[in-house]
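Biologist: Can you walk me through this one? I'd like to go piece by piece.

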Amino acid sequence: MSDIAIRVDGMGKQYKIGLTQERYRTLRDSLMQTFQAPVEMVRNSRRERNSRKELRAANEYIWALQDVSFDVRKGEVLGVIGRNGAGKSTLLKILSRVTEPSTGFAEIHGRVGSLLEVGTGFHPELTGRENVYLNGAILGMTRSEIGKKFDEIVTFSEVEKFIDTPVKRYSSGMYLRLAFAVAAHLEPDILVVDEVLAVGDAEFQRKCLGKMSSVANEGRTVLFVSHNMSAILRLTQESIVLDKGHMIKRAETPAAVDYYLSSGYAQIGERIWEADEIPPDSAPFRPIAVRLRDAQHRVVDSVRSVDPIDIEIEYQLDAPVTGLRVGMYLMTTHGEYILTSFDTDDPQQFEHYRVRPVGRYISRCTIPADFLNEGRYVLGLNASSYRIRRYFQDEQAMTFSVDASGAPGMQWPEQRLGPVRPRLAWQIEENTGESLR
Amino acid sequence: MAQSSLVQNEKEEIIYIRPPQGWLGLNLKDLWLYRELIYFLIWRDVKVRYKQTALGASWAIIQPLMTMVVFTVLFGRVAKVPTDGIPYPIFSYTALLPWGLFTKALTDAGKSLIHNRSMITKVYFPRLVIPISSVVSGIVDFALAFTILIGMLIYYNSDLGGNYDITPNYAVITLPLFLLLAMVTSLGVGLWLSALNVIYRDVNYILPFITQIWLFITPVAYPASMIPEKWQLVYALNPMTGVVEGFRWALLGMEPAPGPMVAVSTVISIIILITGLFYFRRMERTFADLV
């Protein structure tokens, strides 16, 4: 018996564009091609046309994953990080045998449990109890296994009182708790987890995270995908970084997270979302751009600590949204959160925008002068309605750097600890004999 | 699915994942491991089927009953279709039972993969589980509708119904076999349709049309004996012919036994099932990407 749990060798997965995600594009493209083809035929010589055809054939396929190789030892908790569309989910889908690779080979030692989504197969008409059994069976548990753990599952989910109520009457929070509870009590040798923590409220997320770390501590092999860098840092020792389907790094998690957050997308103070970067389930919220502006209203990538910074979030609402809050996270490149702030934090503002109508918006705020320390920071974006839905989230929307020139304490050219560097009004009083008395 | 195999090795399973090539084995072992999932999916289908309907499970009875009434008026009274001395209502109802099972299985299985999209794209399990459970869950409706047939048998044998004397004879013991044949046929056609439906959604539109045409070429409203002798075996190439005639023979004691017809239908039915299984397995690998 070897101590390898997962061995992946030269794994690749090719998708035909238009077949998988964007059906509408195929139709439009084929219409376009129909109209353009005769024109092109006249215009181009045969040779040119052939090369063009080849180019198009190559473009119709995309590699969601290409030549990925790694090993996971037994009991290891491996993090998988990367931007949207980097191939993380494809990798997990292949390893959990939902879809098969186009190239390469993988060897998995042990029973795999995959948690690509919670509540798979939940039926709204069935009661909580019935759904626990059904969902358990779908995840590969036997009836007796579920029976043994049933009480534990129900206690964990905190829905005891409603366990015999159809889940269509559940609040979304209850639904998620129950769904996660079933999944969390799955006991495979290898657990493959995708972003399940990205749902639910903060308290629920804490609970899930706690459960995940206890799973990790039990010596189970875990493959963990998340956008939540602090979760990755907490749960994993080592991580791999995927970018555009390639594995670009494998390192100790802090190093990998640092590499991921600070490299790659040197956006010049602005992040613009292309149509294919926006997940379809974010509708009606459509992010357009996030920008950083300095005191002179210029879009900048690097700002001075002593100047105020304007952050602009531009977005489109395709339908009115109730209780919407659009906001940002500010994080260090080590994955520590500095702050979270929403545009409707002010109760009066929230009252005023109770229902935000259709339209194009800019939510803007100012980070005051003398606030951030020097270094590189990550700006995340979140649009949600509290306890109702998260429309969109990108924890690494863009990065920017802060220059400390002129900040307090610059007379000492040393690195200051901590992400903030406020100008505090120190008072120095001389101790006279009087106060000693 | 990925070409994968489970190997018992010092209590440890090793799963190999490779790009699949060509035709796959049926992997019946995996199917056996997931038998409880089949059970749960059947149970879910049955539980949910008539939720929030005013008439509930009586729909399972109303459907064949109403069809029987219409057939009795049109074919029994107006067209005067010969039924070998058997009252037309019971003659057609006996055929409508397996026919209902078949059409329901076709419709449900055909759409089953699309309906269970969320499961297919998120969790591994043998995909065969889905059409199998949707075909088998039709048994419950069949059983409910069957009770009416028993009632009709009692009625037509009593003074009230005219003392027809259509007591089932020894042949009734073969009924489970014909039920099995009906299931095999349903599953075979259902597998083809469900796999095709993932790739070509046209199947959704063709389905009602298929069942309609198929009804006309199956001896539901009329006896198979109306077909000229020399065409009988060709007629039996429709596997539902054997099923329906078998049901009548087993339940109503109609003579002679439809031996050759049933034989032909059984062979065809098994061919459809086996090709359906292999076709399904071949297409299965693309389900998660296409569904």
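Biologist: Which residue in β20(A) does Ser302(A) stand opposite?

Modeller: Ser302(A) faces Ser401(A) there. This is a predicted model, where local features need pLDDT of at least 70, side-chain atom pairs count only at pLDDT 80 or more, and totals for chains, interfaces and linings use all residues. Residues are numbered from 1 along each chain as its sequence is written, while chains are lettered from A and ligands numbered from 1 in the order in which they are written.

Biologist: And in what sense do β12(A) and β20(A) pair, parallel or antiparallel?

Modeller: Parallel, over three bridges, with β20(A) covering residues 389-403. Two strands pair if DSSP finds at least two bridges between them. Strands themselves are DSSP runs of E, at least two residues, and helices are runs of H or I, at least four residues, both numbered from the N terminus.

Biologist: What sheet is that part of?

Modeller: An open sheet of five strands in chain A, in the order β12-β20-β19-β15-β16, with mixed pairing. β12 (302-304) and β16 of chain A are its edge strands, each pairing on one side only. On average, neighbouring strands are turned by 30° against each other, direction ignored; the axes behind such angles are lines fitted to C-alpha atoms, for helices over the stretch in contact, and angles run from 0 to 180 degrees between N-to-C directions.

Biologist: How many bridges link β15(A) and β16(A)?

Modeller: Five, in the antiparallel sense, between residues 324-332 and residues 337-342 of chain A. Leu330(A) stands opposite Leu339(A) in β16(A). The hairpin of β15(A) and β16(A) has four residues between the strands, and Gly335(A) takes a positive phi near 90° in this hairpin.

Biologist: What's in the sheet with β10(A)?

Modeller: Four strands make up that open sheet of chain A, in the order β10-β11-β13-β18, and the pairing is antiparallel. β10 (270-272) and β18 (359-367) of chain A are at the edges with a single partner strand each, so one side of each has no neighbour in the sheet. From one strand to the next, the twist averages 15°.

Biologist: Which residue is the bridge partner of Arg271(A) in β11(A)?

Modeller: Val290(A). β10(A) and β11(A) (residues 285-293) pair over three bridges in the antiparallel sense.

Biologist: OK, switching to chain B. What's its secondary structure?

Modeller: Twelve helices and two strands.

Biologist: At what angle do α2(B) and α6(B) pack?

Modeller: About 45°, with their axes 9 Å apart; α2 is residues 35-49 and α6 is residues 129-136 of chain B. That makes α2(B) oblique to α6(B) (under 35 degrees is roughly parallel, over 145 roughly antiparallel, 65 to 115 roughly perpendicular, and the rest oblique).

Biologist: Which residues make the contact?

Modeller: Among them are Leu37(B), Ile38(B) and Asp45(B) of α2(B), and Val129(B) and Ile132(B) of α6(B). Being in contact takes C-beta atoms, placed from the backbone, that lie within 7 Å.

Notes. Two residues are in contact if their C-beta atoms, placed from the backbone, lie within 7 Å.
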